[in-house]
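Subject: Structure handover

Hi,

Here is the structure I promised to pass on. Please open it first, then read my notes below.

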Amino acid sequence: MGRIKVNITAYDLKKHIDEAESNNTFANRQQLAEFIEQTDWAKNYKPKPITSSVVLLRISEFGIEPKTPKVNVVDSLVKL
């Protein structure tokens with residue numbers, strides 16, 4: 001049996017991203033996604049909880065541009 005795609009709307013995801021970013025600052029989108037994963041909305045989502053991976057995939061799929069920067073690993077290493 002295949003995986004069940006977690007169907008969330010762009011509106012709902014954007015609403016939770018905006019809420020998270022209005023009250024917090026994140027170093028990168030991974031931290032943002034992990035924060036959203038810990039919300040009651042994500043934990044109690046049916047048919048299964050929303051993970052940080054799903055958050056990141058849907059940000060890309062929906063073309064959502066959070067305030068939180070997308071950190072490029074190569075750029076980060078160059079700064080070291």
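A residue is called buried under 20% relative accessible area, exposed over 50%, and partly exposed in between, using a 1.4 Å probe and protein chains only. At 11% relative accessibility, serine 52 therefore counts as buried.

Some ground rules. This is a predicted model, where local features need pLDDT of at least 70, side-chain atom pairs count only at pLDDT 80 or more, and totals for chains, interfaces and linings use all residues. Residues are numbered from 1 along each chain as its sequence is written, and side-chain values use heavy atoms, with hydrogens and water left out.

Serine 52
Serine 52 sits in helix 4. Helices are DSSP runs (H or I, at least four residues), numbered from the N terminus. Serine 52 touches Gln30, Ala33, Glu34 and Glu37, leaving aside residues up to four places away in sequence. Contact means heavy atoms within 4.5 Å.

Helix 1
Helix 1 has 14 residues. From first C-alpha to last it reaches 20 Å, close to the 20 Å expected at 1.5 Å a residue. The expected span is 1.5 Å times one less than the number of residues.

Which residues of helix 1 are buried? They are Leu13, His16, Ile17, Ala20 and Glu21. These cover an arc of only 130 degrees around the axis, so they lie on the same side of helix 1. The arc is taken from the directions from the helix axis to the C-beta atoms. Tyr11, Ser22 and Asn23 are exposed on the other side. The buried residues pack against helix 2, helix 3 (40-43) and helix 4 (52-62).

Helix 1 against helix 2
Helix 1 (residues 10-23) and helix 2 (residues 29-37) pack at about 105 degrees, with axes 10 Å apart. That makes the two helices roughly perpendicular, a label used for 65 to 115 degrees. Axes are lines fitted to C-alpha atoms over the stretch in contact, and angles run from 0 to 180 degrees between N-to-C directions.

Helix 1 contributes His16, Ile17, Ala20 and Glu21 to the contact, and helix 2 contributes Leu32, Phe35 and Ile36.

Phenylalanine 35
Phenylalanine 35 belongs to helix 2. Its relative accessible area is 35%, so phenylalanine 35 is partly exposed. Phenylalanine 35 touches Ala20, Asn24 and Phe26, again leaving aside residues up to four places away in sequence. The C-alpha atoms of phenylalanine 35 and alanine 20 are separated by 7.7 Å, and the two residues are 15 residues apart along the chain.

Best wishes

Technical notes:
Angles under 35 degrees count as roughly parallel, over 145 as roughly antiparallel, 65 to 115 as roughly perpendicular and the rest as oblique.
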